[in-house]
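Work through the exercises below with the sequence and the model open. Each task is followed by a solution in steps.

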Amino acid sequence: MARYLITGIAGFIGSSLAHGLLTRGDSVRGIDNFATGKRENLSDIAKQIDFREVDLLDEAALSDACRDVDIIFHEAAIPSVPKSVVDPVTSHRANINGTLNLLVAARDAKVKRVVYAASSSAYGETPVLPKHEGMPSDPISPYAVQKLCGEQYMKSFYRVYGLETVSLRYFNVFGPHQDPTSQYSGVLAKFCSAMLRGDSPTIYGDGEQSRDFTYIDNVVAGNILAATAPASQVAGKCMNLATGKRITLNQIVEILRDLTGYKGEVTYAPERTGDIKHSLADISLAQKAMNYTPHVNFEDGLKKTVAWYRTVSSTVATAR
Ligand SMILES: NC(=O)c1ccc[n+]([C@@H]2O[C@H](COP(=O)([O-])OP(=O)(O)OC[C@H]3O[C@@H](n4cnc5c(N)ncnc54)[C@H](O)[C@@H]3O)[C@@H](O)[C@H]2O)c1
């Protein structure tokens with residue numbers, strides 16, 4: 001049985017990953033500083049995990065957290081384009097300094113593999129679709145630069161120190177437990193909770209921007225594949241983790257009208273700095289390298305997501 005460490009375990013993806021690993025019977029340690037994560041995301045598994053309130057910038061605590069760990073899922077970050085535009089220095093510290101600290105601690109503790117939450121924002125505003133890993137990166141926002149820098153560090157630590165690293169470029173992950181309450185939340189979390197409350201969803205731009213929205217269960221499954229695939233297939237690689245399909249925000253609002261019963265207007269606001277127009281992944285590399293297939297399609301994922309937001313309070317959607 002492998003021993004796992006999840007950074008950012010109190011967040012949306014980290015806590016979902018923890019639940020997925022525990023279901024398999026794996027042993028899970030987790031760290032978080034609650035910058036955006038929620039204790040409620042861990043309430044039902046608190047007794048089954050070794051949780052430590054640790055900041056990625058605390059090198060001593062990080063090195064302690066890496067002790068006796070086989071595999072790390074590095075999810076902790078300040079995961080927001082607009083936040084990085086407002087305050088690039090704070091994002092930089094968490095996303096770049098924090099990632100380097102983690103890699104050093106992992107190397108020194110002789111951890112076998114680090115699986116890193118990279119981001120499709122690394123591709124930038126290239127008009128070529130679908131986006132494949134061989135394309136030149138062209139990050140726009142400070143957040144995108146930071147996530148790309150993390151990937152480069154992953155690759156470097158594999159080449160220089162032999163620490164197995166795998167970077168997974170997520171494309172707009174959504175699902176239950178994504179926090180809709182912050183102004184920086186993911187768009188689907190905000191749409192679902194607003195429309196269920198009977199409030200108008202806000203679209204920045206004309207709504208024709210499209211994304212490869214990926215349901216959380218696909219991301220959890222992809223991470224577990226990246227952690228368990230033979231090193232010869234995945235180590236030192238960077239792979240898209242998505243569905244290979246895209247949908248516009250206007251189309252999503254129409255589907256959500258059906259699922260939520262919302263009959264009101266949609267609010268259109270000016271485009272946000274650093275946002276990209278279209279995003280679509282080529283997932284053939286992950287399919288080939290680690291046999292990845294997205295098992296939950298967008299519509300089914302959205303139904304499960306709406307069902308979950310329906311069960312939680314209209315403003316605070318965190319209890320699991
Ligand atoms: N959600 C997406 O669509 C998406 C897309 C691309 C990449 N990602 C990446 O996936 C990862 C997880 O994203 P998420 O959506 O679950 O976000 P989230 O905000 O729910 O989770 C991030 C977690 O990291 C923790 N954290 C932040 N700074 C920390 C620090 N200095 N020390 C310790 N913990 C810290 C937060 O408290 C939070 O629990 C991030 O690295 C993000 O960049 C997410």
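**Exercise 1.** Which residue just after H6 takes a positive phi, and what is its value?

Solution. The model is a predicted one. Go to the end of helix H6, residues 187–197. Just after this helix, Gly198 has a positive phi of about 85°.

**Exercise 2.** Determine whether helix H6 is enclosed or open, and find what its buried residues pack against.

Solution. Step one is to apply the burial cut-off, which is 20 or more other C-beta atoms within 10 Å. The residues of H6 that pass are Val187, Leu188, Ala189, Lys190, Phe191, Cys192, Ser193, Ala194, Met195 and Leu196. Step two is to compare with the length of the helix: ten of its eleven residues are buried, so H6 is largely enclosed by the rest of the structure. Step three is to look for the packing partners of these buried residues, which are strand E7 (173–174), helix H9 (249–260) and helix H11 (298–311).

**Exercise 3.** Classify Leu100 as buried, partly exposed or exposed.

Solution. Leu100 is located in helix H4. Its count is 15 C-beta neighbours inside 10 Å. A residue is buried at 20 or more and exposed at 12 or fewer, so Leu100, with its 15, is partly exposed.

**Exercise 4.** Characterise the shell around the ligand.

Solution. The shell holds 30 residues, of which Gly8, Gly11, Gly37, Ala77 and Pro79 come nearest to the ligand. Two or more residues each come from helix H1 (12–23), strand E2 (27–32), helix H4 (88–108) and strand E5 (113–119). H1 gives the most, three residues. Sorted by class, the shell has 16 nonpolar, ten polar and four charged residues.

**Exercise 5.** Where is the pLDDT below 50?

Solution. The average pLDDT of the protein is 94, and 96% of the residues score at least 70. The pLDDT is below 50 over residues 315–320, a stretch with 20 contacts in the model beyond near neighbours in sequence.

Key:
Residues are numbered from 1 along each chain as its sequence is written. This is a predicted model: local features need pLDDT of at least 70, side-chain atom pairs count only at pLDDT 80 or more; totals for chains, interfaces and linings use all residues. A residue is near a molecule or strand if its C-beta atom, placed from the backbone, lies within 6 Å of it. Helices (H or I, at least four residues) and strands (E, at least two) are DSSP runs, numbered from the N terminus. Ala, Val, Leu, Ile, Met, Phe, Trp, Tyr, Cys and Pro count as nonpolar, Asp, Glu, Lys and Arg as charged, and the others, Gly among them, as polar. Two residues are in contact if their C-beta atoms, placed from the backbone, lie within 7 Å. pLDDT is the predictor's confidence in each residue, from 0 to 100.
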